[in-house]
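Reader: I'd like to learn how to read a single residue in a structure. Could you walk me through one?

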Amino acid sequence: MDDYRWVVPLALLLAVSVGVPASGAGFIRIGYEATGCSRNSPTLNKCMERAIQYYISYMYSGTINDRTAVSSLDPLALPDATLIENDDVVSTFTNRQTTGFRNMYITDVRSDITRLEFYFKFHIAAIDTRGPYHARLLARPEIAEWSQMTYSIRNSSIQVQLKGYNYDSDGRVYLKVNVTDWSQQIGDHTVGFRWFTMSGNYSQFSDQFEQIRGRDILPVVERDLMHSLQDRFQHLLNEILRLAPFERFFPTVY
């Protein structure tokens, strides 16, 4: 039973996407158990909103207790990405980690529990994605540059629509969701490099390297980051939803 101690606040969000104080007001606690958000309550959406914010504010390490863990929310590990690949140069952004999700807050929740459809909107004050940057000439890979790259976005929002379905496992009913729509409004965004190391006869090709990490790279980094976040959001949410049956998250109270 201890494995469920934090299941309800964890389950109602995930992964992604400042200033709202953490509290457990979004769900009723009885001892170490939480009754969840009643699916037939007129305040279901508000309960979900508070439970999600509780999760964001409290649990970002991934550790629920000494026996149960899920993937970390902050930092959030992202897959390696190829940013630019043309006839001359290829550049990559690897071992990426995104921080700042612990400071985001949820601003809107809408749900149709009968159809298992959900809408979440988040405000993100600031997130930073960091990792090694590498660019090289395709024809002469010994001519290359390395750096530590940071992609930062400020004052942004993410809107997520989810479609769920129930499935049976070991005689119990669970919930799984898919992201059906994802959109974002990016406020300010920048790409920065901490230092550079060059190899080979770099000076003859410095203009080519500078061009791809200049205006060309920003839209590519943004597009890849949001695609990766969408995939991670869905994965982490379903990872959490596997921790307990649907009835524990959304009980029916008569």
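Author: Gladly! Let's take Arg39, which sits in the loop between strand 2 (33-34) and helix 2 (44-58). Helices (H or I, at least four residues) and strands (E, at least two) are DSSP runs, numbered from the N terminus. This is a predicted model, where local features need pLDDT of at least 70 and side-chain atom pairs count only at pLDDT 80 or more, while totals for chains, interfaces and linings use all residues. Residues are numbered from 1 along each chain as its sequence is written, and side-chain values use heavy atoms, leaving out hydrogens and water.

Reader: Why does Arg39 count as partly exposed?

Author: Buried means under 20% relative accessible area, exposed over 50%, and partly exposed in between (1.4 Å probe, protein chains only). Arg39 counts as partly exposed because its relative accessibility is 25%.

Reader: Which residues does Arg39 touch, beyond those up to four places away in sequence?

Author: Contact means heavy atoms within 4.5 Å. By that rule, Arg39 touches Leu44, Ile113, Phe246, Glu247, Phe250, Pro251 and Thr252. Arg39 and Ile113 are 74 residues apart in sequence, yet 6.5 Å apart in space, C-alpha to C-alpha.

Reader: How far is the backbone oxygen of Phe250 from a polar atom of the Arg39 side chain?

Author: The distance there is 2.7 Å.

Reader: And what about the protein as a whole?

Author: The protein has five helices and eleven strands, and 46% of its 254 residues are buried.

Definitions and conventions:
Polar contact = N/O pair within 3.5 Å; in protein donor to acceptor, adjacent residues only side chain to side chain.
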